[in-house]
Amino acid sequence: MEAKNPDVTQRVFQQVSPRWGSWRARATIITAKFLVGRAFRAPSPTELAGANTFTLASNIEGLEARGDHDIARTDWRVVEPLSWAAQRLLTQFDNFIGYSPVLNLSTNLLSASTVGGETELFFQRGPIGGFANYSYALRIGEEALDEAVATADQVTWAPAHVANLGALYRRGRGTGSLQVHYQGDVARRDSDFAPGPGTSRAARGDSVPGWVGLDARVAYRPWTAVEVELSGQNLLDGVTGEHPALLKNFPHPFDYRADGMRVLAGVTFGR
C-alpha cells in the first residue's frame, strides 16, 4: 500500500544524562555529599501529537524536550536519637512544557534558574517517631519561550515555601500517626490577568493564599493477619469549612479547589 504522505519524517529525542557525586564521612555523625546531574524529559505522545480532539493541536515539529540540570550539596548530622539533614540546591530547567492558550497546543513555555534549600529532622526513640521538614525556593532568572507567558522575578505557579510535620506511635498491636502539611502562598504572573470579568488582578488577587492540611490514621491488629484502620485526610477542611484553593494559571476566572475532608475505614487481610 502506498503511503498517502511520502514526506513523513521522524523526530528522535535523545541526550546524554550524566550524574556525578562524591561524599565524605567523618566518624559516624557527619556525612557531606556533593551531587551534580543532568536529565531530560521527552514530550509525551499527547503533548507532541494531539489529534482528533478540540482541546489542543499537534506540535510535532516545534516541541523540544525538557532539560534539567541540578547541583546539590547535602550535609547530614546525626545525634541519637535525632537525625538532621540540610541541602542546598541549584536547578536549571529548560523548555518547560505546558499548554499555551494563544497557540492552543502544548509547547515550550519558559526556561528558569532556581536556588533553594531544604532541611529535615528525624526523631526515633522506642515506640515514638517523628519528622519535620521545610523547603524554600528562590527564582534567579527566567526566559519566556511563548508569548502567553510573562517572566517573573519570583517563584510562580508553585509554592516557594513548603513544610511538613509528622508523628508516629507504635505500641503492641496499635499504630497511630499524625501529619500536618503547610503550603505557602502561590504567586501569579502578570500573564495570569486580563481585563475581562473575573480575570482582572483585583478579582483574582496577586497570589493564591497558603493553607494547612491535617491527616491522621489509627490502626489495630486484633490478629496477626488482620488490621483494622480509621484514617482521615484534610481534616481541618471539615473543621473550618473552608476549602483551600490550587492555582489555575493564565487568565481564567477561577482557581481549582483542593480535595475536601475524607474519612476512610477499612480492614486489611494478609499473612
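This is a predicted model: local features need pLDDT of at least 70, side-chain atom pairs count only at pLDDT 80 or more; totals for chains, interfaces and linings use all residues.

Which residue does Arg 189 form a salt bridge with, and how far apart are the closest N and O atoms? The partner is Glu 142, and the closest N and O atoms are 2.8 Å apart. I then placed the two along the chain: Glu 142 is in strand β6 and Arg 189 is in the loop between β9 (186–187) and α2 (201–204), so the pair ties together parts that are 47 residues apart in sequence. I checked burial too, and both Arg 189 and Glu 142 are buried.

**Glu 142 again.** I found a salt bridge from Glu 142 to Arg 139 as well, at 2.5 Å from N to O. Arg 139 is buried, like Glu 142.

**Asp 255 and Arg 204.** My next stop was the salt bridge between Asp 255 and Arg 204, where the closest N and O atoms are 3.1 Å apart. This pair links distant parts of the chain, 51 residues apart: Arg 204 sits in helix α2, while Asp 255 sits in the loop between β13 (245–246) and β14 (256–257). I noted that Arg 204 is buried, with a relative accessible area of 9%. Asp 255 has 25% relative accessibility and counts as partly exposed.

**A network.** I also saw that Arg 217, Arg 221, Glu 227 and Glu 229 are joined into one network by salt bridges that share partners. My tally of salt bridges came to 13.

I did find a polar contact from its side chain to the side chain of Ser 100, at 3.1 Å. Setting aside neighbours within four places in sequence, I listed the contacts of Asp 146 as Ser 100, Leu 103, Thr 107, Asn 108 and Leu 109.

**The whole chain.** I counted three helices and 15 strands in the protein chain. The radius of gyration is 24 Å, well over the 18 Å that the globule rule gives for 271 residues, so the chain is more spread out than a compact globule. Its C-alpha atoms fill a box of roughly 70 × 50 × 50 Å along the principal axes. Buried residues make up 28% of the 271 residues.

How values were computed: Residues are numbered from 1 along each chain as its sequence is written. Side-chain values use heavy atoms; hydrogens and water are left out. A polar contact is a pair of N or O atoms within 3.5 Å; within protein, one must be able to donate a hydrogen and the other to accept it, and residues adjacent in sequence count only if both atoms are side-chain atoms. Contact means heavy atoms within 4.5 Å. Helices (H or I, at least four residues) and strands (E, at least two) are DSSP runs, numbered from the N terminus. The radius of gyration is taken over C-alpha atoms; the globule rule is 2.2 Å times the number of residues to the power 0.38. Buried means under 20% relative accessible area, exposed over 50%, partly exposed in between (1.4 Å probe, protein chains only). A salt bridge is a side-chain nitrogen of Lys or Arg within 4 Å of a carboxyl oxygen of Asp or Glu.
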